[in-house]
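Please look over the sequence and the three-dimensional structure shown here before reading on. The paragraphs below are meant to be followed with both in view.

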Amino acid sequence: MTPKEVLALIRERDVKAVDLRFMDFPGLWQHFTIPAEALTENTFEEGLGFDGSSIRGWKAINESDMLVLPQADTAFLDPFCADTTLTIICNIQDPLTKEDYSRDPRNVARKSVNYMKSTGIAEIAYFGPELEFFVFDNVRFDQNQYSGYYHLDSIEGAWNSGKDENPNLGHKIRYKEGYFPTPPTDTLQDIRTQMMMTMIACGIPIEAQHHEVATGGQCEIDMRFSPLVEMADKVLKYKYIVKNVAKKHGKTATFMPKPIFQDNGSGMHVHSSLWKNGVNLFAGSGYAGLSDMGLYAIGGLLKHAPALCAFTNPTTNSYKRLVPGYEAPVNLAYSRRNRSASIRIPVYSPSPKAKRIEYRCPDGSSNPYLVFSAMLMAMIDGIKNKIRPGDPLDKDIYDLTPEELKDVPKTPGSLEAALDCLQNDHDFLLQGDVFTDDVISTWIWYKREKEVDAIRLRPHPWEFYLYYDM
């Protein structure tokens with residue numbers, strides 16, 4: 001849509017309010033709302049002001065003024081507001097220089113695509129993330145100076161098989177056996193369908209929805225692939241819809257990677273391919289039907305994977321998921337079909353148009369603009385420098401002997417280690433001024449101070465079990 005078309009839609013649908021949204025640095029949507037009549041064609045060019053110092057990881061208080069510029073082609077009718085509301089995703093600018101703000105994640109994503117085009121390598125970078133999430137019936141958590149706890153509950157959780165539910169009807173999902181059961185065992189079928197239909201109504205094409213492996217409400221809804229920036233926008237709409245449909249049903253949804261101990265965590269497996277002149281550049285006659293370019297892209301991802309983890313797995317909880325077992329992709333290897341490798345080449349279809357690589361490390365706690373951009377920059381680095389990925393690993397990696405595994409690289413074991421890797425390996429991200437030094441240093445500072453140190457300084461409940469009687 002153009003600005004004129006947005007204004008026409010407002011009149012046609014009798015829109016009462018316009019909600020302006022943008023992404024903060026760590027990865028949550030922020031917003032404010034204006035009356036519909038306050039949106040004019042000039043707004044799309046001149047923007048609206050707000051306090052950037054109140055946004056996590058952004059401006060200092062002495063340079064706080066910022067602008068949001070609504071992007072007309074992102075407009076959609078919000079399905080949850082009581083009054084008819086049009087939501088528009090915005091870019092961020094400095095009000096003095098009118099330059100796009102370097103720490104605006106959407107700006108980073110736009111720059112990564114422009115850099116790819118400037119290299120002549122490709123015209124379009126397609127991304128297709130598979131987001132997993134949990135829907136719980138209740139969640140409680142707290143931590144203070146003298147206590148700390150969390151408590152999750154789900155009517156279908158295996159731990160409730162003996163609970164007096166007046167009556168308990170059984171059909172609980174056993175640990176690690178939640179993949180594809182039908183109702184009544186799958187209690188979330190209708191909720192996921194409502195999520196799916198709401199997504200479609202908001203302009204997100206959907207391929208399928210289903211229950212996932214873990215007990216206690218793990219779900220997945222698969223989107224059709226889209227160009228990089230558009231797909232990152234869709235991820236934010238997806239998460240917004242999932243959380244709000246769950247809330248309408250008196251439930252709560254989370255994209256936290258590992259909320260349940262000793263069961264599968266939630267990932268965000270990302271499928272990607274590069275195209276030029278209508279041709280899939282990853283399709284060829286090499287291993288698993290890949291071209292040399294596709295293999296070089298894998299080489300770039302594997303080389304930079306430890307640094308990428310600082311963006312693809314950006315929480316301390318991410319590394320509760322990235323542990324051996326539970327289908328977690330901790331081993332940095334590639335393979336066709338093999339889901340125990342961190343990079344998989346799907347073989348569902350022989351069509352060259354379907355050829356892609358699937359990067360299995362990321363999770364849904366991440367900022368999609370930064371994840372897709374960092375992945376693209378790693379792939380471009382692999383292609384430009386013809387980085388060979390080595391031999392594929394088609395065995396079940398979890399069945400390999402310690403001797404066979406010793407030479408297979410691993411993902412970092414903690415967020416702190418991933419940030420160290422990013423500190424030591426980020427030149428590939430700086431190409432084309434896509435990720436600036438300021439973005440990298442601020443990300444590392446924010447994650448270390450606000451998350452790594454915050455967790456490190458607090459006693460853990462299990463420490464009392466281990467050490468109280470010492």
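Predicted model: local features only at pLDDT ≥ 70, side-chain atom pairs only at ≥ 80, totals over all residues.

Residues are numbered from 1 along each chain as its sequence is written, and side-chain values use heavy atoms, with hydrogens and water left out.

The largest pocket has a volume of about 2100 Å³. A pocket here is an open set of points on a 1 Å grid over the protein atoms alone, where a 1.4 Å probe fits and protein lies on both sides within 12 Å along at least five of seven lines, and its lining residues have an atom within 4 Å of a point; the volume is the space filled by probe spheres set on the points, which are joined across faces, edges and corners. Of the 49 residues that line the largest pocket, Met256, Lys258, Thr316, Asn317 and Ile455 lie nearest its centre. Helix α12 (437-456) is among the elements that each supply at least two residues of this lining, and α12 provides the largest share, seven residues. Helices and strands are DSSP runs numbered from the N terminus, helices being H or I with at least four residues and strands E with at least two. By residue type, the lining of the largest pocket divides into 23 nonpolar, 13 polar and 13 charged residues, where Ala, Val, Leu, Ile, Met, Phe, Trp, Tyr, Cys and Pro count as nonpolar, Asp, Glu, Lys and Arg as charged, and the others, Gly among them, as polar.

The second largest pocket holds about 760 Å³ of space. It is lined by 42 residues, and those closest to its centre are Glu130, Glu220, Asp222, His271 and Arg344. Strand β7 gives the most to the lining of the second largest pocket, with six residues, and that lining divides into 15 nonpolar, eleven polar and 16 charged residues.

Across the whole structure, a search finds 22 salt bridges, each being a side-chain nitrogen of Lys or Arg within 4 Å of a carboxyl oxygen of Asp or Glu. One of them joins the side chains of Arg56 and Asp24 (2.8 Å, N to O). This pair links distant parts of the chain, 32 residues apart, with Arg56 in the loop between β3 (48-51) and β4 (65-70) and Asp24 in the loop between β1 (17-23) and β2 (29-35). Asp24 is buried, with a relative accessible area of 1%, whereas Arg56 is partly exposed at 34%; buried means under 20% relative accessible area, exposed over 50%, and partly exposed in between, with a 1.4 Å probe and protein chains only.

Another salt bridge connects Asp233 with Arg106, their closest N and O atoms being 2.8 Å apart. Here Asp233 in helix α5 (residues 228-248) and Arg106 in helix α3 (residues 105-119) are 127 residues apart, and both residues are buried. Asp186 and Arg192 also form a salt bridge, with closest N and O atoms 2.6 Å apart; Asp186 is buried at 3%, and Arg192 counts as buried at 1% relative accessibility.

On the surface, Tyr465 lies in helix α13 (residues 461-467), and Tyr465 counts as exposed because its relative accessibility is 60%.
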